[in-house]
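These entries record what I looked up in one structure.

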Amino acid sequence: QVRELNARLTSQLEEIAQIQRSLLPEQLPRIPGVSLAASYLTSNEAGGDYYDFFDMGEGRWGIIVADVSGHGAGAATVMAMLQTILHGFEERSRGPAAMLAHANRELCRKRFESNFVTAFMGVIDADRRTLTFSNAGHNRPELRRAAGGVSQIEGAASIPLGIMDETEFENGRIELAPRDTTVLYTDGIT
């Protein structure tokens, strides 16, 4: 009976992981002047790590990297909710802070007791060579300048999503030069 129950549980977790992977982008967007790469590996069958891209219009692309606290089916479910919340937001042109504020309000309305979400949301404007961003308690991305040196993208930081309903989010902005490299990641990579 124990083996049968374990097999059923494993099968259910694998099904959740498959559904979770289906919520991630099938292919990376093509952004003129920008090269993209992504890697996604969970520590368990399912987890709360998430990345996605959003067409923001006028040649701008949004990118989010997020991590739901915890592991397993619960974190995967919250990740799926976050994906739905963000894709349903019709005012994306307002920028990353507005998107994170919307996600925060919606997650707070659900009243999760033990889950919160860290997230870094950026908008790449390849024509202007800028990255506009907002950070909800997430690991600061690394920025390798083509001219030399590596630093973290600082500023526009707030607490994670889903903790306090009235959290304020702000936008920060950095200039990018040709061949600069930005690395966004979750805490599993560290």
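**Entry 1: threonine 186**

Leaving aside its neighbours within four places in sequence, with which residues is threonine 186 in contact? The model is predicted, and I read it as such. I found contacts from threonine 186 to Asp49, Val65, Ala66, Asp67, His138 and Asn139, once neighbours within four places in sequence were left aside. I located threonine 186 in the segment after strand 9.

**Entry 2: proline 178**

I next looked up proline 178 and placed it in the loop between strand 8 (172-175) and strand 9 (181-183). From proline 178 to glycine 188 I noted ten residues in sequence and 29 Å in space, C-alpha to C-alpha.

**Entry 3: helix 2 on its own**

I checked the length of helix 2 (residues 72-88). At 1.5 Å a residue, its 17 residues should span 24 Å, and I found the end C-alpha atoms 25 Å apart, which agrees. I listed the buried residues of helix 2 as Gly72, Ala75, Ala76, Val78, Met79, Leu82, Gln83, Ile85 and Leu86. For their cover I noted several elements, including helix 1 (2-22), strand 1 (49-57), strand 2 (60-68), helix 3 and strand 3 (117-125).

**Entry 4: helix 2 against helix 3**

At what angle do helix 2 and helix 3 pack? I read about 130 degrees between helix 2 and helix 3 (residues 96-110), with the axes 10 Å apart. That angle makes helix 2 oblique to helix 3. On the side of helix 2, the contact is made by Val78, Met81, Leu82, Ile85 and Leu86. Helix 3 contributes Met99, His102, Ala103, Glu106, Leu107 and Lys110. I sorted the residues of this contact into eight nonpolar, one polar and two charged. Val78, Leu82, Ile85 and Leu86 of helix 2 are in the contact with helix 3, and I had listed these residues among the buried ones.

Notes: Residues numbered from 1 in each chain as written. Predicted model: local features only at pLDDT ≥ 70, side-chain atom pairs only at ≥ 80, totals over all residues. Heavy atoms only, no water. Axes fitted to C-alpha atoms, helices over the stretch in contact; angles between N-to-C directions. Helix = DSSP H or I, 4+ residues; strand = E, 2+ residues; numbered from the N terminus. Parallel < 35°, antiparallel > 145°, perpendicular 65-115°, else oblique. Contact = heavy atoms within 4.5 Å. Nonpolar A, V, L, I, M, F, W, Y, C, P; charged D, E, K, R; others polar. Expected span 1.5 Å × (residues − 1). Buried < 20%, exposed > 50% of the residue type's maximum accessible area, 1.4 Å probe, protein only.
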